[in-house]
Amino acid sequence: MTVYHVSASAASSTNADGTASRPFHTINEAAAIARAGDEIIVHDGVYRESVTPQYGGDSAEYRIVYRAADGEHPVIKGSERVDTWQRVASSADGTVWKAELPNAMFGAFNPYARTVFGDWVIDASSHARAIREDLDELSPEAAAAGYPEHPACHLGCVYLDGKALYEAFSREEVAHPRPRTVGFDCGAWSNGPVADTAAGNPDLTTLVWYAEVTGDAHTGATTIWANFHDADPNESFTEITVRETCFAPSRPQINYITVRGFEIAQAATPWAPPTADQIGMIDTRWSRGWIIENNHIHDARCSAVALGKEGSTGDNDCTRTRRKSGYQYQMEAVFKALRFGWQRGVVGGHLVRGNRIHDCGQTGIVGHMGCAFSRIEHNEIYNVATRREFWGHEIGGIKFHAAVDTVIANNNIHDCTLGMWLDWQTQGTHIDRNVFWANTRDIMIEVSHGPYTISNNVLASPISLDIISDGGAYVNNLIAGTIRLGRVMDRSTPYHFPHTTAPAGSAFVYGGDDRFVNNLFVQAAGTPADADEQTGWLAVGHGTRAYNLQTLHDLPRGRGEHGERPTTLDEYRSLAWATVGNGDEEAFREVPQPVYARDNTYVGGARALLGETGAIVRDGSFAVDVAQDDADRSVRLTVRADAADAVKADPALFGTGAIVRTADLGEPRIVEERFERADGNPFVFDTDLVGEARAAQSARGPLASLRANQPVAVWR
């Protein structure tokens with residue numbers, strides 16, 4: 001094993017050999033020669049480079065480790081400092097400066113010439129949409145000068161003392177900006193607030209920039225205009241993004257890399273849908289066995305960490321060609337990837353642990369297929385897509401497709417437009433002991449067939465679950481927002497043989513076939529009562545009664561008068577025998593799938609599934625409070641009950657339930673596989689959110705002991 005040292009303070013020299021006495025000046029000097037078993041120790045300093053490891057490790061034991069020197073703080077940035085700004089003009093709306101930069105500074109990748117582009121981009125500028133819909137306004141000067149109808153955000157960004165500016169779309173808008181208030185969120189189907197404005201700082205949204213690129217990559221120029229209010233950008237610390245990544249191989253199968261203890265920031269990462277070459281500030285590039293741990297990763301234009309597919313299996317081909325749908329190209333990507341090594345032990349199996357990830361435009365962690373067999377644990381992920389500069393159908397704190405046998409555990413995910421979105425082939429996936437709060441939506445599971453398991457989580461945002469899938473098991477959770485249920489009968493998606501990527505079939509999403517055991521459902525005080533008449537394509541409600549509302553709205557064959565539906569597989573089969581007759585697929589899709597619910601507690605207006613056994617329903621005024629300590633980042637949970645003192649003090653207020661095991665959960669109707677661990681062993685849910693053992697009977701919800709109005713630390 002060889003240990004290489006890197007120090008930004010060392011002089012660049014041909015005599016450097018990476019020893020402690022003659023360290024390399026750049027990380028790439030070490031990355032060019034490090035082999036399996038080697039360690040690269042990086043010392044204090046800012047490294048403005050995109051690290052490109054040329055070699056990987058041979059195994060989990062003989063990996064290549066890139067780490068911060070003990071007690072030191074190395075920073076890898078995709079930006080460059082600019083201190084050649086020229087003052088252009090001043091007004092009551094601030095002072096405009098410009099910087100003229102040679103295109104040669106950017107090389108082949110100029111982020112000010114590239115836009116947010118690709119499959120499932122809906123609003124390439126949410127700000128422009130807000131203006132078109134009269135939700136935000138332009139200044140008279142910007143309006144008079146003419147404004148592009150459908151502009152697109154670029155991949156570049158400008159930072160003033162570490163704070164990202166907002167992109168404008170004309171010089172006049174830079175000179176005379178107006179505050180931004182909202183951006184449309186197609187997932188929630190509503191406008192959401194721009195975070196700075198919602199926090200009481202609308203003036204921050206008028207710190208803006210605009211760029212024009214002329215000429216070619218060698219002789220042309222990029223000019224950036226920016227309004228820094230009263231700040232002098234040459235005296236302040238002003239940076240612009242220049243590079244696409246901060247740490248990424250240039251080719252697949254650079255395996256067994258560890259990246260530990262860095263700050264990694266400010267890269268111009270592109271839009272990363274499942275049909276594209278998915279690129280992050282840290283990018284595993286279709287490899288296996290990486291460990292990304294204890295890093296501070298922030299300010300990615302789109303995605304911070306990518307565990308995804310690469311370009312040979314497709315790269316935004318629907319948007320580029322309009323030959324086939326994005327759905328069809330995504331289906332093809334799965335089968336192409338199977339020919340390109342997508343299997344356990346070849347791709348995936350990463351560990352992303354102990355990182356603080358924030359301020360990303362699209363995702364904190366993204367991955368299609370390359371995320372399979374991985375473990376994502378004890379990360380804090382926040383401020384994802386809350387600036388609302390652009391929007392598309394691939395946004396989330398975590399956004400995974402085909403997270404086969406992936407464990408997502410003990411994460412703190414908050415202040416995101418969507419906390420976590422698991423899409424396609426969510427099979428063998430285990431979501432355990434996470435805290436979701438202050439998001440617009442917490443979790444979305446889409447077009448998957450299970451088995452997947454969600455246990456011991458806190459879901460405290462207004463929309464807790466978007467379940468547009470079948471085959472889930474929900475055990476010991478606190479669910480404090482609405483459940484929204486959808487069926488998908490126009491997109492059949494694959495499922496696999498157990499614990500492999502080998503396809504076993506493909507199916508539509510019929511709605512239902514989910515299990516709920518020992519959960520605590522809370523409808524917060526002041527929340528409107530659920531509507532029994534459902535009119536949208538999603539059935540919405542607090543508690544499992546939403547499944548009965550879905551039945552009334554969507555499933556005509558054999559339903560009960562009030563939306564009763566089968567609660568066992570035998571009941572479903574009897575109903576199918578009675579109603580399908582000689583029909584086939586078109587008839588089966590109208591039969592309500594079973595929903596298995598027992599021993600759940602519903603308070604504050606949340607309602608139980610019709611026919612549920614062991615349900616406890618309590619009226620009264622309840623709420624869920626989640627708060628974070630800014631100093632140590634710990635999170636505390638309180639379930640508030642405004643009721644009589646005797647009721648509040650009752651340790652059985654929320655009910656108790658028995659320990660749940662794999663044998664209690666059955667098998668999804670379509671996939672016919674057990675709910676079990678990735679190694680094939682059965683589940684025994686005998687510990688709670690904070691690691692406390694559960695007794696034979698313990699409190700329903702994520703904590704073995706839960707009392708009203710008593711704060712509990714749930715994440716550290």
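**Reading a domain interface**

Modeller: Happy to! Let's begin with polar contacts: across the interface of domain 2 and domain 3, the rule finds 20 residue pairs in polar contact, both residues at pLDDT 80 or more. Keep in mind that this is a predicted model.

Biologist: Which elements give two or more residues to the side of domain 2 that touches domain 3?

Modeller: On that side you will find the strands β9 (121-123), β12 (166-167), β13 (182-185), β14 (190-193) and β17 (238-241), together with the helix α2 (126-132). By residue type, the side of domain 2 that touches domain 3 has 20 nonpolar, 11 polar and 6 charged residues.

Biologist: And where do the two domains lie in the chain?

Modeller: The domain assignment places domain 2 at 80-241 and domain 3 at 245-402, while domain 1 covers 1-74. In the contact, domain 2 takes part with 37 residues and domain 3 with 28 residues.

Biologist: How many salt bridges are counted between domain 2 and domain 3?

Modeller: The count is 1 salt bridge. Look for Glu 167 and Arg 301, which form a salt bridge with their closest N and O atoms 3.1 Å apart.

Biologist: What area is buried between domain 2 and domain 3, and what share do carbon and sulfur atoms give?

Modeller: About 2600 Å² is buried between them, and carbon and sulfur atoms give 54% of that area. On the domain 2 side, turn to Phe 117, Asp 119 and Trp 120: these supply 30% of the area that domain 2 buries against domain 3, more than any other three residues.

Technical notes
Residues numbered from 1 in each chain as written. Predicted model: local features only at pLDDT ≥ 70, side-chain atom pairs only at ≥ 80, totals over all residues. Heavy atoms only, no water. Domains from an automatic or database assignment. Contact = heavy atoms within 4.5 Å. Buried area = accessible area lost by both parts, 1.4 Å probe. Salt bridge = Lys/Arg side-chain N within 4 Å of Asp/Glu carboxyl O. Polar contact = N/O pair within 3.5 Å; in protein donor to acceptor, adjacent residues only side chain to side chain. Helix = DSSP H or I, 4+ residues; strand = E, 2+ residues; numbered from the N terminus. Nonpolar A, V, L, I, M, F, W, Y, C, P; charged D, E, K, R; others polar.
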